[in-house]
Amino acid sequence: MILLISLIFSASSVIKAQTFPLISQGALINVHGTSNVHDWDMKPTKVTGELGLNGSKQISAIAIKVEVKSLKSGNGIMDGKTYDAFKYKNNPYIVFLLTDASNVKLTENDTEITLTGNLTFGGQTRKISIKAIGKITKSGDYHLKGSVPLKMTDYKMKPPTAMLGTMKTGDAVTVKFDVTFKG
């Protein structure tokens, strides 16, 4: 009897949970870094993801997947060096999977959220926390934006170099995101 009751409660919470796909054509993700020559930016062209909300409109799941070879800087040499640093042949994706969100309900007003999850790139996974702003848009979609500083060496990546090592990228990068999930 206890097993039956727990199954009923579990099923009702699963039924109330909903998932919403990332609107990829509107996903703005920017990786910003520095070098001893100039700052640089890379933007992916292939991003997929999903947002999960429970029945109270609280974030219960987020999964974001970026194809490494879709990262573009406008400089083919830099792109190639970056793909090599990511060891893209064995690790073709950058993936973020939410493990916890601060207990907030999304509304039509901006809401501060801390998203904690596992970020995987270059074959390494680390737990990170991201400060974000979330809200429900007038069209009923779910919008998140924020940024997070990272170090390539934390993921056992060697910052790319070029021109026989005379051009060196910095270890620190900042990932900014502005994404919407179809409501």
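The side chains of K182 and D141 meet in a salt bridge, with 3.8 Å from N to O. This pair ties together distant parts of the chain: K182 belongs to the segment after strand 12 (167–181), and D141 to the loop between strand 9 and strand 10 (142–151), 41 residues apart. K182 is partly exposed, with a relative accessibility of 45%, whereas D141 is buried at 8%. The coordinates discussed throughout this report are those of a predicted model.

How many salt bridges does a search of the whole structure find? The search returns two. The other contact of this kind pairs K135 with D110, whose closest N and O atoms are 3.9 Å apart. Here too distant parts of the chain are linked, since K135 sits in strand 9 (residues 124–136) and D110 in the loop between strand 7 and strand 8 (111–121), with 25 residues separating them. K135 is partly exposed, having a relative accessible area of 27%, while D110 is exposed at 53%. In general, side chains of opposite charge can pair when their charged atoms come close. The two bridges are set out below.

| Salt bridge | N to O separation | Sequence separation |
|---|---|---|
| K182 and D141 | 3.8 Å | 41 residues |
| K135 and D110 | 3.9 Å | 25 residues |

**Charge over the chain**

The protein chain carries 23 positive and 14 negative side chains, and the centres of these two sets lie 4 Å apart. On the surface, K46, K69, K72 and K89 gather in a patch of positive charge.

**Overall architecture**

The secondary structure of the protein chain comprises two helices and 12 strands. In sequence order, these elements follow the pattern α-β-β-β-β-β-β-α-β-β-β-β-β-β. The C-alpha trace spans about 70 × 40 × 25 Å along its principal axes. Of the 183 residues in the protein chain, 39% are buried. The accessible surface amounts to about 10,700 Å², and carbon and sulfur atoms account for 56% of that area. Among contacts between residues at least 6 apart in sequence, 59% join residues at least 24 apart.

**A buried leucine and its surroundings**

L106 is placed in the loop between strand 7 and strand 8. Is this residue, L106, buried or exposed? At 3% relative accessibility L106 is buried, because the value falls under 20%. When neighbours within four places in sequence are left aside, L106 is in contact with L53, K57, I59, I113, G134, K135, I136 and Y142. The C-alpha atoms of L106 and Y142 are separated by 8.1 Å, although the two residues stand 36 apart along the chain. The contact list of L106 includes K135, the residue that forms a salt bridge with D110.

K57, another residue in contact with L106, is found in the loop between strand 4 and strand 5 (59–67). K57 is not a glycine, yet it has a positive phi of about 65°. Its relative accessibility of 28% makes K57 partly exposed.

K87 is partly exposed, with a relative accessible area of 39%.

**Strand 4 and the position of T48**

T48 lies in strand 4 (residues 47–53). Which residues are in contact with T48, leaving aside its neighbours within four places in sequence? They are L22, A63, I64 and K65. T48 is partly exposed, and its relative accessible area is 47%. Between the C-alpha atoms of T48 and G123 the separation is 19 Å, with the two residues 75 apart along the chain.

Terms used
Residues are numbered from 1 along each chain as its sequence is written. This is a predicted model: local features need pLDDT of at least 70, side-chain atom pairs count only at pLDDT 80 or more; totals for chains, interfaces and linings use all residues. Side-chain values use heavy atoms; hydrogens and water are left out. Helices (H or I, at least four residues) and strands (E, at least two) are DSSP runs, numbered from the N terminus. Buried means under 20% relative accessible area, exposed over 50%, partly exposed in between (1.4 Å probe, protein chains only). Contact means heavy atoms within 4.5 Å. Accessible areas come from the Shrake-Rupley method with a 1.4 Å probe; for residues, only the protein chains shown count as cover. Lys and Arg count as positive and Asp and Glu as negative; His and the chain ends are not counted. The place of a charge is taken as NZ of Lys, CZ of Arg, CG of Asp or CD of Glu. Patches are made of residues with over 30% relative accessible area and no salt bridge: like charges are joined within 9 Å, nonpolar side chains (Val, Leu, Ile, Met, Phe, Trp, Tyr) within 5 Å. A salt bridge is a side-chain nitrogen of Lys or Arg within 4 Å of a carboxyl oxygen of Asp or Glu.
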